[in-house]
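Let's take a friendly walk through a protein model. Have a look at the picture first, then read on.

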Amino acid sequence: GGFRRNADIVEVKDLGFCNGTSLQLLDSGSGPYVSWGYVNTPLPPEWPKDPEAITPEQVRELLAHRMGACAVLRVVGLPFDTQEADVRGLFGEFAIPEGGVALHYNRQGQFVGQVFVRFDEAGEATRCLEDMDRCVIDNSDRPVRIFKQLSGGPFRRDPKGGWGILSNETLQQRLQRVVNEVAEQPKDDLMMDALNALDVLSSDPTECFNMGLGELPA
């Protein structure tokens, strides 16, 4: 028994179907998680380590609880010229708080047609999902798809309460912000080297990507 650990995604257990969508236990090497269509969520740490001891009923209850409590949506299939005001206009009948829209950019700073939307209440997120999933925007030939984002996407909860955002900016803007935030703090030689490297990366990220540096973690 137990979960297999390696760098590849391994199917640990097939749990059948939930609402017509395949339900599985998977492991990508960093820990077991539930996969249900576009929804992924980790297992509670107190659950048995042996996958055979985990029942489909347990996993369905876990999903139902977390889906019901989730206040963040992932919206895909938006036009590539979408701005935050367009997202708020599309979901105008729903209460999206200030800072509740995060457009997703690729490494080159281009919008990829995906947005994360956070609500203050999970019930409002559920209502938006039920009412707006598969809606069609004017002059578009494909529907907009909406999913619950159990991980929170780019949003995170502040331990002191409330929400913060991990990333609603291009990589270049993010790096420049990091440099600016620590500019006045005491620094040793190692930190100075790191800040100088970030400064170079923020000034010319494309060249750095061409050199294979890749995306910084959010």
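Which strands does helix α1 lie across? Helix α1 (residues 56–69) lies across β1, β2, β3 (32–36) and β4, and runs at about 105 degrees to β4. Helices (H or I, at least four residues) and strands (E, at least two) are DSSP runs, numbered from the N terminus. Axes are lines fitted to C-alpha atoms, for helices over the stretch in contact (heavy atoms within 4.5 Å), and angles run from 0 to 180 degrees between N-to-C directions.

Please keep in mind that this is a predicted model, in which local features need pLDDT of at least 70 and side-chain atom pairs count only at pLDDT 80 or more, while totals for chains, interfaces and linings use all residues. Residues are numbered from 1 along each chain as its sequence is written, and side-chain values use heavy atoms, leaving out hydrogens and water.

**The sheet**

The four strands make an open sheet in the order β1-β2-β3-β4, with antiparallel pairing (two strands pair if DSSP finds at least two bridges between them). β1 (10–18) and β4 (39–42) are at the edges with a single partner strand each, so one side of each has no neighbour in the sheet. On average, neighbouring strands are turned by 20 degrees against each other, direction ignored. β1 pairs with β2 (residues 21–27) over six bridges, and Asp14 stands opposite Gln24 in β2.

**The aromatic pair**

The structure holds one aromatic pair (ring centres within 6.5 Å; planes under 30 degrees apart are stacked, over 60 edge-to-face, the rest tilted). Tyr105 and Phe111 form this edge-to-face pair, with 6.4 Å centre to centre and 70 degrees between the planes. Here is how accessible each residue is (buried under 20% relative accessible area, exposed over 50%, partly exposed in between; 1.4 Å probe, protein chains only):

| Residue | Relative accessible area | Class |
|---|---|---|
| Tyr105 | 26% | partly exposed |
| Phe111 | 10% | buried |

How values were computed: Rings of Phe, Tyr and Trp (its six-membered ring) pair if their centres lie within 6.5 Å; planes under 30 degrees apart count as stacked, over 60 as edge-to-face and the rest as tilted.
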